[in-house]
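Subject: The structure we talked about

Hi there,

Here is the structure I promised to pass on. Have a look at it first, and then read on for what turned up in it.

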Amino acid sequence: MTREEIHKNILWGAATAAYQVEGATYCDGKGKNSWDEYYELNHLGYDGDIAVDHYHHVAEDLKLFHEIGLQTYRFSVSWSRILPEGTGEINQKGLEFYDFIVDTLNEYGIEPYLTLYHWDLPLPLLKKGGWLNPEVIDDFLGYCRILFEHFKGRVRLWGTINEPASEVMEGYIQGTHPPQEKNYAHALQVSHHYNLASAAAIKMFHEMGMDGKIGIVLNPMPIDVLEETEDNLKAKKYAYDFMSDWYISPALTGHYPQDMLEFCQKTYGAPKISEEDYKLMEENIGDYLGVNYYMRRVVEAKNLHSDKIEDKFSFVRVPDGKYTKWGWEIYPQGLENLLKQIYNQYGKKEIIISENGIGFDDQADENGFFQDNERISYLKEHVEVVEDLCAQGFDISAYYVWSAIDLLSWTNGYQKRYGLIGVDYNTLERSIKKSGFWYKKFILGEDA
């Protein structure tokens, strides 16, 4: 294929997540969720009560997405907006909000990509054990069935669970996300329940004869070392198996990396896995693999004899590496290295780049215009890698900039901006950034 044909074969879009943009925390019957409680318990000086008030600006926002030429838009549904208690009675006002999003996107010719779960668990389900309680898997499936039935024929791209690795690491090992635990056994069991829930949702999707495609959305990172010593290479394998392949392997094969599984079960007695679990995962591989890529990690050996996996390696900065003020390395080559590693290990698979972007402390000029040249540079370098990979035979069907609009960046608040569209947090006024205008030209195939 020519470069022009490759470009036209990829759906170009942008993404958000419900909790990060919607606000309207208790409007129109929405129930309380894990992040509502998190901000109440941790006084960070900001919360998600307003976010960027997408709930009340949705028509304006979707119009702006159309203006910047998005061909597809990835968003998530707030479980607690549909089922305030996590189960039971449906909140029709919540469904109507997402009806408007889906129908408006379809009217604009923008392909909706609906993520079922992006970290915001209904609080009543958290109180009964959250994702550590296997009963939550059935609750999740009840929620999925509602959305599958309701949006059948109107939504063709579906994601099951977003970045389980992040929620396992930050929620159950580092204790910085809900439920703020530090427990390896719980972390590993929760990771397994996420994988089971995703496989079960994929099974239901296909049994219901849904049109389109469904898959899990992961954030695997390529792992490198500065010096290839024996210990550093051991540390590299621990890091990749734990942070990346622990999720890639079950998503593509139904099984965990064997060495890491043996270590975890011997050391922590977790995860507990039944033969039925393996059968469910093996038989319900997603139609694609969603990959959120931001950066690589570079590690060196630390204490390889420790029982704590994260003590076996430490992250190091690359001399002369290019980093953001939040310490994230800008390394486009990492995306190519990661996808080649996945293909080499598991064979060819349809890939959706479900998030790719960069957080900067964007500042509007005196005219209110965001001259975010750094973001344009980042995106140019990464979309070039995507198209190069397609030229080499990789099956990348869609690409999503994170994010479509400025939003709440979880524990980084509102200073860290990602959007193609800027938001004045005082007035909630929206404006297309320089990167948004660039992306529109790029999508059209114009020299931008």
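Two strands are said to pair if DSSP finds at least two bridges between them. With that in hand, take strand β4 (residues 157-162) and β5, which run parallel and are joined by four bridges. Before going further, please keep in mind that this is a predicted model.

Is β5 enclosed or open? Five of the six residues of this strand (residues 213-218) are buried, so β5 is largely enclosed by the rest of the structure.

**Strand β1 and its partners**

Strand β1 (residues 11-15) is also worth a look, because four of its five residues are buried and the strand is largely enclosed by the rest of the structure. Strand β1 pairs with β11 in the parallel sense, over five bridges. If you want to find this pairing on screen, look for Ala14, which stands opposite Val401 in β11. Strand β1 also runs parallel to strand β2 (residues 72-76), and three bridges join these two. In that pairing Gly13 stands opposite Thr72 in β2.

Is Gly419 buried or exposed? Gly419 has a relative accessible area of 0%, so it counts as buried. Leaving out neighbours within four places in sequence, the contacts of Gly419 are Asp372, Arg375, Ser403, Ala404, Ile405, Asp406, Lys433 and Ser435. For a sense of distance, Gly419 and Gly48 are 371 residues apart in sequence, and their C-alpha atoms are 17 Å apart in space.

Ser409 is in the loop between β11 and β12 as well. Ser409 has a relative accessibility of 8%, so it too is buried, the cut-off being under 20%. Not counting residues up to four places away in sequence, Ser409 touches Gln20, Lys416 and Tyr418.

**The largest pocket**

The largest pocket holds about 930 Å³ of space. Its lining is made up of 39 residues, and those nearest the centre are Glu163, Ser166, Glu170, Asn219 and Trp328. Which elements supply at least two residues each to this lining? They are α9 (164-172), α11 (230-253) and β9 (313-315). Of these, α9 gives the most to the lining, with five residues. Sorted by class, the lining of the largest pocket has 21 nonpolar, 12 polar and six charged residues.

**The cavities**

How many cavities of 30 Å³ or more are there? The count comes to four. The largest cavity has a volume of about 110 Å³. It is lined by 14 residues, with Ser198, Ile202, Pro250, Ala251 and Asn284 closest to its centre. Helices α10 (184-207) and α11 each supply at least two residues of this lining, and α10 gives the most, with four. By class, the lining of the largest cavity has 10 nonpolar and four polar residues, and no charged ones.

The second largest cavity contains about 80 Å³ of space. Among the residues that line it are Ser34, Trp119, Trp131, Glu167, Tyr172 and Tyr194. This lining has nine nonpolar, two polar and one charged residues.

**Cysteines**

A disulfide is a covalent bond between the sulfur atoms of two cysteines. A search of the whole structure finds zero disulfides. As for individual cysteines, Cys27 is partly exposed, with a relative accessible area of 28%. Cys390, in contrast, is buried, with a relative accessible area of 10%.

Best wishes

Note on methods: Residues numbered from 1 in each chain as written. Predicted model: local features only at pLDDT ≥ 70, side-chain atom pairs only at ≥ 80, totals over all residues. Heavy atoms only, no water. Buried < 20%, exposed > 50% of the residue type's maximum accessible area, 1.4 Å probe, protein only. Contact = heavy atoms within 4.5 Å. 1 Å grid on protein atoms, 1.4 Å probe; cavity = no way out; pocket = protein on both sides within 12 Å on 5 of 7 lines; lining within 4 Å. Points joined across faces, edges and corners; volume = space filled by probe spheres on them. Nonpolar A, V, L, I, M, F, W, Y, C, P; charged D, E, K, R; others polar. Disulfide = S-S within 2.5 Å.
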